[in-house]
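Grab your viewer and work through these exercises in order. Each has a task, then a solution in steps.

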Amino acid sequence: MLCFACNNEQEGMMKCTNCLKARYCRTERQREDWKRHKTFCEMSVDQTLVLVHKIKEVLQIKNSFKGLFSTYYWGNVPAVDLLNLSMDEGEEYSNPLALLLCGVGDPRNVLLSIASLPDVYTQQVSFVLNDICPCTLARIVLLLYMLYKGGDNIFHAMIRIWYSVCISEEDFVLLTSSLRDLATTNELRSLTKGVMEISAEQMEQLRSVWTAWLRLSEREGPWVSNERKMVFSADRPEVQIGLSRYLDTIPKPHRNSAKKYFDTGIFPSTANPTEELTR
C-alpha cells in the first residue's frame with residue numbers, strides 16, 4: 001500500500017475515517033494532505049450515501065413483496081407452472097386434476113401450467129378462476145376466449161392488446177369481435193364447446209362489462225393515451241418516485257427499453273415494428 005501523501009510503501013497504514021479510501025503512513029501526513037484530499041473525500045462520501053439510499057429503497061421494495069428476488073420486465077414475477085407434474089406426481093400420473101385460483105388477475109400461471117403438461121398426460125385439467133372484481137374476471141375470460149379462438153399470431157396480438165395503449169387496426173378488430181361474441185352469447189360453454197364455463201349470474205355481470213368496453217371502443221380520439229398521461233403526470237411526484245424505484249430494480253440491460261415503454265405506453269409488434277397504430 002502507498003501513502004496518499006508521500007507515496008511511502010508500508011504495511012498497516014491508517015485509513016481516512018471519512019471516505020475509508022485514502023491511506024496514510026502517519027497522522028502528520030494525513031493532516032498535511034487534507035487540503036488536497038478534502039474534495040475527493042467529500043465526493044466519495046456523497047456517492048456512497050446515494051448508493052446506500054438506493055440499496056435501502058430496493059430492500060424496502062423486496063421486504064414489501066416477500067419471495068420476489070427481482071423485478072421482471074413484464075409483470076413482477078415470471079409465470080409459474082402450478083402443477084409441475086413431471087417433478088411432483090410424475091409423468092405417469094393419470095387422474096384428472098382440478099385447481100382453484102383466487103384473485104386471478106394474471107392468467108399467465110394458468111397458461112404455463114397447461115403448456116407444461118407432459119405429452120403423455122391425457123386427462124382433463126380444470127381451473128376454477130375467481131376474483132372479487134368483475135372487470136378483472138371479464139378481462140381474464142376475454143383473453144382466454146381469444147386464445148380459444150386462435151388465429152395467426154394470436155400470442156403476439158394478445159401481448160400487444162394487454163400492454164399497449166395504442167394497437168393496430170388488425171388487433172382492434174380481433175379484440176372487438178371477441179368482445180361481441182362474449183357480449184351476445186347466452187352460454188359460454190356452448191360458445192367454447194365445453195372448454196370454458198361460467199354461471200348464469202356471473203355471466204350477466206361480465207356481460208355488462210364487455211358491453212361497456214364495446215361502447216368505449218367507439219369513442220374517437222386518443223382518450224386512452226390522455227388518461228394514461230394523467231396517471232403518469234409530472235404533477236404527481238409519488239408516481240414519478242415509484243416509477244423511478246421500479247426501473248432501478250429492473251435488470252440493467254432491459255432498463256432503457258422498459259423506460260421507453262413507460263414513456264410511450266407502446267408495446268411494438270415484434271413481427272411488424274413499423275405497423276400503424278391507429279386504435
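**Exercise 1. Find which residues of helix α4 (residues 154–163) are buried, and what they pack against.**

Step 1: the buried residues of α4 are I154, A157, M158, R160, I161 and Y163. Buried means under 20% relative accessible area, exposed means over 50%, and partly exposed is in between (1.4 Å probe, protein chains only). Helices (H or I, at least four residues) and strands (E, at least two) are DSSP runs, numbered from the N terminus.

Step 2: those buried residues pack against α3, α5 and α10 (252–264). Contact here means heavy atoms within 4.5 Å.

Before you go on, some ground rules: this is a predicted model, where local features need pLDDT of at least 70 and side-chain atom pairs count only at pLDDT 80 or more, while totals for chains, interfaces and linings use all residues. Residues are numbered from 1 along each chain as its sequence is written, and side-chain values use heavy atoms, with hydrogens and water left out.

**Exercise 2. Check the length of α7 and describe its buried side chains' partners.**

Step 1: the expected span of a helix is 1.5 Å times one less than its number of residues.

Step 2: M203, L206, R207, V209, W210, L214 and S217 are the buried residues of α7. They pack against α3 (134–149), α5 and α6.

**Exercise 3. Characterise how α5 (residues 169–184) crosses α7.**

Step 1: the two axes come within 9 Å and cross at roughly 145°. Axes are lines fitted to C-alpha atoms, for helices over the stretch in contact, and angles run from 0 to 180 degrees between N-to-C directions.

Step 2: the crossing is left-handed, i.e. the near helix is turned anticlockwise from the far one by less than a right angle.

Step 3: from α5, the residues F172, T176, L179, R180, L182 and A183 meet M203, R207, W210, T211, W213, L214 and S217 of α7. By type, the contact has eight nonpolar, three polar and two charged residues. Nonpolar covers Ala, Val, Leu, Ile, Met, Phe, Trp, Tyr, Cys and Pro; charged covers Asp, Glu, Lys and Arg; the others, Gly among them, are polar.

**Exercise 4. Inspect phi at L20 and K193, and say where each residue lies.**

Step 1: most residues other than glycine have a negative phi. L20 has a positive phi near 65°, and K193 has a positive phi near 55°.

Step 2: L20 lies in the loop between β1 (14–15) and β2 (23–24), while K193 lies in the loop between α6 (188–191) and α7 (200–217).

Step 3: L20 is exposed, at 53% relative accessible area, and K193 is exposed as well, at 74%.

**Exercise 5. Sum up the whole chain.**

Step 1: there are ten helices and four strands.

Step 2: of the 279 residues, 30% count as buried.
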